[in-house]
Number of protein chains: 2
Amino acid sequence: MSASQTQHRIIEAAILVFNEDYSAPLEHVAEQADVTRRTLHRYFTGREELLASCAQEMRRSCQQAMLQALNSSAEPRKQLEYMLYAGVDCGAKYALFNKLHSRPEHHHTPLNADCAAYDSVCSRFRNVITQLQEQGAISLHLTTAWVMALFNGVVVATVNAATAGAVAPNSLKEFAWFSFSKGIGV
Amino acid sequence: MSASQTQHRIIEAAILVFNEDYSAPLEHVAEQADVTRRTLHRYFTGREELLASCAQEMRRSCQQAMLQALNSSAEPRKQLEYMLYAGVDCGAKYALFNKLHSRPEHHHTPLNADCAAYDSVCSRFRNVITQLQEQGAISLHLTTAWVMALFNGVVVATVNAATAGAVAPNSLKEFAWFSFSKGIGV
DNA sequence: TAACTATGTCTCAAATGTGAGACTTTATGC
DNA sequence: GCATAAAGTCTCACATTTGAGACATAGTTA
């Protein structure tokens, strides 16, 4: 196993664990990554540094997936659909990315690259929703904030359904888009 | 402040905090409850005991609300609607109740009153969904597991929207039911 | 007011989590 | 197979969290 591979595996494990339990001991992360705590500490001096790496990875992954979704079509309806698939694909990354940036104790500043990326994604999202509302594709009585909250809720539902194994993985995206699109009146 | 009042306030605070961060230090719970950690420890000898009290309160509250919802109507469609409102009203209690009982590390046993209550609620839920599917009110290609996952996702969405203050509280239930009911094809 | 109760303050010991040094073992590539 | 890198083991010091005793203080009620 190469060094960067292990490092990446630890980050992925950390995102899974912290999404479930933000203050979980690093031992749990190490177990999830299938390494010892000693190895984890060789790559990350502490929780702060690990969290920073997670934040960076979540930003990179989510931003990339969302931008690709937006570039896949010029039609807002398709853009929204692909954004949902992107969120589902990112899974825990997307869930934690959102969770951390919408906490009351989160110190938001556009100077931080992660915050800027979050803002950017939210802004693009809002634009798509606004466009759909203008063309009457989204029920008018729903607010943009609710549509975004629902979007996140649907992603959380897929993450939970996937980890619980209660829903066939190849049906997840279909179910998610069906429920979300109908749920906002598209 | 009477003793039982304080005790209850601590439990409510703990449910809010643990729903956000399961391994949060008890200091955070004390802060949320607006008491000192010393006071918290007078009521609960430790984390385990506090968690047990939370589990009991979540069970009591969720079960009561769900049963009331089911008893409000004989029509499955109405029952489902009231169950969603019940979930939204319970908020973090419902969210954490679910979270804890659907964890892989959770040791499920029907002998435990909390587990039994969870099973009971799930079972009643499944019955309602099955009835609706039989009368063709729910899209046939959706599985029961997905409908339940979506239900939980919508409740999570309302909890987040409420704590973020992004959606007017008096619109939440209406939005939630609109999105959920359309989302499953009712 | 006096007695009682609930809570806060200060303190401390035990438990748990954290970070890293020193060395060994296991993979990996040449 | 040998050199090297990566990961494990054992160990320890330090920080944080946890649980509770001793006592002071505020609020409540007889």
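## DNA strand D

In this predicted model, a polar side-chain atom of Thr36(A) sits 3.1 Å from a phosphate oxygen of DNA strand D. Such a polar contact is a pair of N or O atoms within 3.5 Å; within protein, one must be able to donate a hydrogen and the other to accept it, and residues adjacent in sequence count only if both atoms are side-chain atoms. For Thr39(A), an N or O atom of the side chain is 2.4 Å from a phosphate oxygen of DNA strand D. Arg42(A) reaches a base instead: an N or O atom in its side chain is 2.2 Å from a base oxygen of DNA strand D.

Stepping back, 18 residues lie around DNA strand D, and Thr6(A), Thr39(A), Arg42(A), Tyr43(A) and Arg47(B) come nearest. A residue counts as near if one of its heavy atoms lies within 4 Å of the strand. Of the atoms of DNA strand D that come within 4 Å of the protein, 57% belong to sugar and phosphate. The surface near DNA strand D divides into six nonpolar, six polar and six charged residues. In this grouping, Ala, Val, Leu, Ile, Met, Phe, Trp, Tyr, Cys and Pro are nonpolar, Asp, Glu, Lys and Arg are charged, and the others, Gly among them, are polar.

## DNA strand C

Now for DNA strand C, which 19 residues surround, the closest being Arg47(A), Thr6(B), Thr39(B), Arg42(B) and Tyr43(B). Sugar and phosphate make up 54% of the atoms of DNA strand C that come within 4 Å of the protein. The surrounding surface has seven nonpolar, six polar and six charged residues. Helix H3 (37–43) of chain A, with helix H1 (3–20) and helix H3 (37–43) of chain B, each supply at least two of its residues.

Which side chains approach phosphate oxygens of DNA strand C? Arg47(A) has a polar side-chain atom 2.6 Å from one. From chain B, a side-chain N or O atom of Thr36(B) is 2.9 Å from a phosphate oxygen, and for Thr39(B) the distance is 2.3 Å.

## Where chains A and B meet

The contact (heavy atoms within 4.5 Å) takes 31 residues from chain A and 31 residues from chain B. Together the chains bury about 2500 Å², 69% of it on carbon and sulfur atoms. Buried area is the accessible area (1.4 Å probe) that two parts lose on being put together, summed over both. In chain A, Trp146(A), Phe175(A) and Phe178(A) lose the most area to chain B, together 26% of what that side buries.

Between the two chains there are eight residue pairs in polar contact (both at pLDDT 80 or more). On the chain A side, helix H8 (144–164) and helix H9 (169–183) are the elements that give two or more residues, and H8(A) gives the most, with nine. This side divides into 17 nonpolar, nine polar and five charged residues.

## Symmetry of the pair

How does chain A lie on chain B? A turn of 180 degrees and a shift of 0.0 Å along the axis bring chain A onto chain B with an RMSD of 0.1 Å. That is the relation of a two-fold axis. Copies are superposed by least squares on the C-alpha atoms of residues with pLDDT of at least 70 in both. The same surface serves both copies, as 100% of the contact residues of chain A recur in chain B.

## Salt bridges

The whole structure holds 16 salt bridges over all chains, with zero between chain A and chain B. A salt bridge is a side-chain nitrogen of Lys or Arg within 4 Å of a carboxyl oxygen of Asp or Glu. The side chains of Glu57(A) and Lys93(A) form one (2.7 Å, N to O). Glu57(A) lies in helix H4 (residues 47–71) of chain A and Lys93(A) in helix H6 (residues 92–101) of chain A, so this pair ties together parts that are 36 residues apart in sequence.

## Notes on reading the model

Residues are numbered from 1 along each chain as its sequence is written, while chains are lettered from A and ligands numbered from 1 in the order in which they are written. In this predicted model, local features need pLDDT of at least 70, side-chain atom pairs count only at pLDDT 80 or more, and totals for chains, interfaces and linings use all residues, with side-chain values using heavy atoms and leaving out hydrogens and water.

Methods. Helices (H or I, at least four residues) and strands (E, at least two) are DSSP runs, numbered from the N terminus.
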